[in-house]
Amino acid sequence: MPHDEQPLRPLDRTEEKLVRALGNVMTALPRLVDADMVRDGALPLSEYTPLMFLSEAPHHRMRMSELAAVCNLSLSGMTRVVNRLEKQGLIQRAKCQEDLRGWNAVLTDAGLARLREAWPSHLASIRRHVLDNLAGHDLAALAAALQRVATAP
């Protein structure tokens with residue numbers, strides 16, 4: 001039995017609609033945002049996301065494993081993305097000074113500039129596909145509820 005040892009009860013219609021809608025959003029939203037960004041000539045979402053996280057990190061650097069985790073990618077998947085970004089001069093790799101075993105991804109000035117160029121496209125897409133559709137809802141409560149779902153054991 002599940003964690004709470006209570007008998008399972010089927011989802012009611014509203015719960016089922018919510019779970020299915022959430023699944024649809026999880027798969028459709030990244031594709032929609034990526035398509036908008038590529039159409040606008042901006043970075044693909046798969047490249048925008050690591051640049052965004054690096055721009056927010058101290059000294060614009062993160063361990064590759066940490067960057068992979070926040071981007072929801074495997075380490076090998078993150079390595080492929082970083083390889084592409086490195087070839088474009090948007091990221092550099094640097095040995096971790098803390099333990100000399102791992103590698104950091106470091107956002108370059110060119111990477112920060114490219115992120116800033118792509119930001120308006122990303123913002124417009126998020127507003128169109130997410131925020132415009134949630135007008136009138138309590139966004140703080142929704143954000144808190146979704147964060148609880150994302151971090152539940």
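This is a predicted model: local features need pLDDT of at least 70, side-chain atom pairs count only at pLDDT 80 or more; totals for chains, interfaces and linings use all residues.
## The nonpolar core

The largest nonpolar core has 25 residues. Within this core, the residues that touch the most other members are Met37, Tyr48, Leu51, Leu54, Leu67, Met78 and Ile91. Two or more core residues come from each of the helices α1 (13-39), α2 (45-56), α3 (64-70), α4 (75-87) and α5 (109-129), and from the strand β3 (103-107).

Leaving aside residues up to four places away in sequence, Ile91 is in contact with Leu51, Leu54, Val82, Leu85, Glu86, Ala105, Val106 and Thr108.

## Leu139

Leu139 belongs to helix α6, which covers residues 139-151. Is Leu139 buried, partly exposed or exposed? Its relative accessible area is 40%, so Leu139 counts as partly exposed, because that class lies between 20% and 50%.

When residues up to four places away in sequence are not counted, Leu139 touches Leu131 and Leu134. Phe53 is 86 residues from Leu139 along the chain, and the C-alpha atoms of these two residues are 22 Å apart.

## The largest pocket

The volume of the largest pocket is about 1500 Å³. Its lining consists of 39 residues, and those nearest the centre are Val25, Met26, Leu29, Val130 and Leu146.

Which helix gives the largest share of this lining? That helix is α1, with 13 residues. At least two lining residues come from each of α1, α2, α5 and α6. By type, the lining comprises 29 nonpolar residues, nine polar residues and one charged residue.

Note on methods
Residues are numbered from 1 along each chain as its sequence is written. Side-chain values use heavy atoms; hydrogens and water are left out. A nonpolar core is a set of buried Ala, Val, Leu, Ile, Met, Phe, Trp, Tyr and Cys residues joined through side-chain atoms within 4.5 Å. Buried means under 20% relative accessible area, exposed over 50%, partly exposed in between (1.4 Å probe, protein chains only). Helices (H or I, at least four residues) and strands (E, at least two) are DSSP runs, numbered from the N terminus. Contact means heavy atoms within 4.5 Å. On a 1 Å grid over the protein atoms alone, a cavity is a set of points where a 1.4 Å probe fits but cannot get out, and a pocket is an open set with protein on both sides within 12 Å along at least five of seven lines; lining residues have an atom within 4 Å of a point. Grid points are joined across faces, edges and corners, and a volume is the space filled by probe spheres set on the points. Ala, Val, Leu, Ile, Met, Phe, Trp, Tyr, Cys and Pro count as nonpolar, Asp, Glu, Lys and Arg as charged, and the others, Gly among them, as polar.
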